Amino acid sequence: MSSTHESEHRVVDVDVDVDVVVIGAGLSGLSAADRLASMGYSVIILEGRDRVGGRVLTGEIAGVPVDFGGTWVSPKHTAVRELAGRFGCTITPQFHDGRNTLWISGRRRTYKGTIPPVSPLAVVNMARVQMALEKLVGTIDMDSPSASPNASELDSITFGYWLGQQRASSATRMLMNVISRVQWGASCDDVSMLSVLSYIRGAGGVDHMLDVENGMQQDRITETTQEIAKRVAAQFDDGRLLLSTPARRIVQDDAGVTVHSDTVSVTARYAVITAATMHRKDIEFEPALSEQAKSLSNLWRLGGLSKAYVAYDKPFWREQGISGEAISDKGAVFITFDVGSKDGPGVLLGFCDPVQFDGFDAEHRRKRVIEQMVEMYGPQANHPIDYVDHSWLLEDFGAGGPNPALPPFALTAYESELLKPHGRIEWGGTETAGEFAGSMNGAVLTGQRAAERVAERIRKETQR
Ligand SMILES: Cc1cc2nc3c(=O)[nH]c(=O)nc-3n(C[C@H](O)[C@H](O)[C@H](O)COP(=O)(O)OP(=O)(O)OC[C@H]3O[C@@H](n4cnc5c(N)ncnc54)[C@H](O)[C@@H]3O)c2cc1C
């Protein structure tokens, strides 16, 4: 590797003979680099943030590490489990013993199991709407949602509009809105029905998406999910991973690609881009992306979700037979979980609506979250020992998450651009996963697949 310094522009031409330059050091990019390196290809990774992990990030509360981003893995998430295990990370089951809490219409109620204590009519309504949803999910072509029956029609309406068509009760709508805000970081009225169905199809169905036992909330990574990324990344600490190095411009010809950042230019035979779809457009491409590919990036915008953690000297709710799982129709916190360990302090996680949360100062956010915890868990919740929060829309680089909130028509019009190579550029990132799209498992799989595609192209080129 040779380098030349141009002090005026502070550009370093890293004149490398690498096979592949990987853009993004989230779970997808790191999995791509890991797979390529294991096959003997030379790689360099450029990451715009000053850390690895992307949408997985470790915070700390009362001395306990917590996940600000991606958290849970299901038993079906074998790719991320395998990666975590390979790098010595372990699994902690999600605590969910006891009665759940529902705060609705100004009243607190607790209940056992998955059916909330609403009127019998409302329970029937929920069951009917969920059945209709499951039925439609079953019609979706996971690899190409646009090829599903009635795809155009389903992509022309929002999830909220469909709920109206189904005569969803206010309680059903409230629960569906919680799902929508957790999964896509947007309300039911902002996401296309087809995109909702295709996500649920990829997630393994409604029950798998919502359940703790045998579902997507079954387990956490004890060491945190960002720790997986950090451990995978450590093998590239020898100069092959460049942090705070956003790819700004990618120029390519028949021989290879050159990726320019503010301080570094890297030349490689191929590039793998794992930035979230909406961040593809922040890179200038030469030759340019097609108009359709640009629109994909413009319209597949990440939603927003924030998390608040409150710690107590002990998980007092457990002693009262309360699980720490609560749903609320009021205030910034709309769902909570108990993410404390057996012997540590009690830790409640609250998912927060960024609209009602992000714009307030730290003290105000803390006060509002604790007030809601008191409403849901009683006066003992008024005595926390620590508090932290994180807003994904406020990240300096690569903002947004958890997943793209697709407006009507964005899926059927632009899905074809998701994976279509742009010359010597292959795409990764969880959005491209099909099955498991939007999860950490999807991220790992797409990185590995992009690596295989590039490796195949290099092999073919070398044989010529
Ligand atoms: C609040 C929240 C909760 C979640 N909960 C769960 C959960 O419980 N379970 C689960 O499975 N998933 C969850 N997810 C989703 C999961 O975290 C993501 O699906 C996964 O981490 C995405 O990985 P990725 O590598 O595809 O993308 P990212 O993690 O977004 O990585 C892309 C990387 O590319 C970098 N980048 C972007 N543009 C450039 C550029 N121009 N140059 C260089 N680098 C660039 C970014 O900085 C980023 O590091 C959650 C996400 C959030 C935000």
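## Model and domains

Domain bounds in this report come from an automatic or database domain assignment. In the predicted model described here, local features need pLDDT of at least 70 and side-chain atom pairs count only at pLDDT 80 or more, while totals for chains, interfaces and linings use all residues. Residues are numbered from 1 along each chain as its sequence is written, and side-chain values use heavy atoms, with hydrogens and water left out.

The assignment gives domain 1 (2-54 + 225-289 + 422-463), domain 2 (91-96 + 215-221 + 304-394) and domain 3 (116-210). The C-alpha centres of domain 1 and domain 3 are separated by 35 Å.

A polar backbone atom of Ser 28 is 2.9 Å from a ligand oxygen, and an N or O atom in the side chain of Arg 49 is 3.0 Å from a ligand oxygen. For Gly 438, a polar backbone atom lies 3.1 Å from an oxygen atom of the ligand. Taken alone, the ligand exposes 1000 Å², and the protein buries 95% of that; accessible areas come from the Shrake-Rupley method with a 1.4 Å probe, and for residues only the protein chains shown count as cover.

Ala 25 is found in the loop between β2 (11-23) and α1. Ala 25 is buried, with a relative accessible area of 0%. Here buried means under 20% relative accessible area, exposed means over 50%, and partly exposed lies in between (1.4 Å probe, protein chains only). Ala 25 and Ala 79 are 54 residues apart along the chain, and their C-alpha atoms are separated by 17 Å.

Strands of a sheet pair through backbone hydrogen bonds, either parallel or antiparallel. In this report two strands pair if DSSP finds at least two bridges between them. Three bridges join β7 to the antiparallel strand β10 (residues 219-221), and Ile 91 has Ile 221 in β10 as its bridge partner.

## Strand β14 and its partners

Eight of the ten residues of strand β14 (residues 264-273) are buried, so β14 is largely enclosed by the rest of the structure. Strand β13 (residues 257-260) pairs with β14 in the antiparallel sense over four bridges, and a hairpin of three residues joins the two strands. Within this pairing, Val 259 has Val 266 of β14 as its bridge partner.

The pairing of β14 with strand β21 (residues 425-427) is parallel and covers three bridges.

Seven of the seven residues of strand β19 (residues 346-352) are buried. Gly 346, Leu 348, Gly 350 and Cys 352 are buried on one side, and Val 347, Leu 349 and Phe 351 are buried on the other. Seven bridges join β19 to β16 in antiparallel fashion, with Ala 308 opposite Gly 350. Strand β18 (residues 333-338) also pairs with β19 in the antiparallel sense, over five bridges; Phe 337 has Leu 349 as its bridge partner.

Strand β16 (residues 306-312) pairs antiparallel with β20 over six bridges, and Ser 306 is the bridge partner of Ser 391. Five of the six residues of β20 are buried. Asp 389 lies in strand β20 (residues 386-391) and counts as buried at 17% relative accessibility. Its side chain makes polar contacts with the side chains of Arg 365 (2.8 Å) and Tyr 387 (2.7 Å). A polar contact is a pair of N or O atoms within 3.5 Å; within protein, one must be able to donate a hydrogen and the other to accept it, and residues adjacent in sequence count only if both atoms are side-chain atoms.
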